[in-house]
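Please look over the model shown here alongside the following notes. They are arranged by region, with the conventions given where they are needed.

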Amino acid sequence: MASTYMGKPYYPAWLDNLADDVTGEGPAWDGAIQGATAVHEVVVAAKEIYEFQDFHYAGPCGESSFLEDYTSSVRGALLYVIVLVTFNAAGKAQRLVVNHRPRSSVLVLSRVMLERFAGTPLAKHWEGTP
Amino acid sequence: MTYMGKPYYPLWLDNLADDVTLEAAAMDGTACGAEDVRSILVAARQEYEHQEFNYAGPCAENSFLEDYSSSVRGMPTGVVVLVTFNAARQTQHVVVNHRPRSAMLQFSRLMLEKFAGTRYAKHWQDTP
């Protein structure tokens, strides 16, 4: 899966700098994903599911946050994504909010994530997706 | 509607470009034009039972971010709004993101109820 920003490969450095008690929220799931291991696992899975990531912006937002704005697709459904990462006083990623749109694509992603995590403790976040 | 204990109003809402666009996690498609975007945003704000802002301020070079907690018909709803300005500093593009999924879908159904029979309804039709 190609992930590019301004024509160059892009990797989210914050993903390797998660606080132990980081939380992950978004419109594609219910509840908050808790803890570095779970958040890392979900983000890595989502990146595997994305068919590409074309970044329009990746950089600072306000005093202690980082914003990513990118286009992607999942099973052919175009997906637009805004990620807001908030850092704690130690500079670690404390809160992750991953915002997908439009609604139809959000639900496609949610169903695919349920398939991916079926039978695991994380599946609860996507169960009940219509 | 408060931010840091004081009343808050989104000034960008009164400064929409004629060709402003609106997208959202709870919508399909893009709403275009100041009249349509304003109508939708004003209706959406009426559904919020409160808004408590964690952040409202600049983001990157030409954007503005709102990060707030709300509730809609008793359901806790987190919202991130990204507003992008044009060269004339007018609001050019608005992206509204509700979460979690259940709250996003509830909001979509509410907006469909609100706009049923209007030209805006297409953005929420077929919400499960």
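1. Strand 6 of chain A and strand 7 (residues 77-87) of chain A pair in the antiparallel sense over ten bridges, where helices (H or I, at least four residues) and strands (E, at least two) are DSSP runs numbered from the N terminus, and two strands count as paired if DSSP finds at least two bridges between them. Within this pairing, A:Glu68 has A:Val83 in strand 7 of chain A as its bridge partner. The hairpin that these two strands form has two residues between them, and A:Arg75 in the turn has a positive phi of about 50°.

2. This is a predicted model, in which local features need pLDDT of at least 70 and side-chain atom pairs count only at pLDDT 80 or more, while totals for chains, interfaces and linings use all residues. Residues are numbered from 1 along each chain as its sequence is written, and chains are lettered from A and ligands numbered from 1 in the order in which they are written.

3. Strand 6 of chain A also pairs with strand 5 (residues 52-61) of chain A, in the antiparallel sense and over eight bridges, with A:Asp54 standing opposite A:Thr71. The hairpin of strands 5 and 6 of chain A has three residues between the strands, and A:Gly62 takes a positive phi near 65° there. Seven of the ten residues of strand 6 (residues 65-74) are buried, so this strand is largely enclosed by the rest of the structure; a residue is buried if 20 or more other C-beta atoms, placed from the backbone, lie within 10 Å of its own, exposed if 12 or fewer, and partly exposed in between.

4. A:Leu96, in strand 8 of chain A, is buried, with 24 other C-beta atoms within 10 Å. Leaving aside residues up to four places away in sequence, A:Leu96 touches residues including A:Val39, A:Val83 and A:Val85, contact being defined as C-beta atoms, placed from the backbone, within 7 Å.

5. Most residues other than glycine have a negative phi, and most peptide bonds are trans. In chain B, a cis peptide bond joins B:Arg99 and B:Pro100, with omega about -5°.

6. B:Arg89, which is not a glycine, has a positive phi of about 65°, and B:Arg89 is exposed, with 11 other C-beta atoms within 10 Å.

Technical notes. Contact = placed C-beta atoms within 7 Å.
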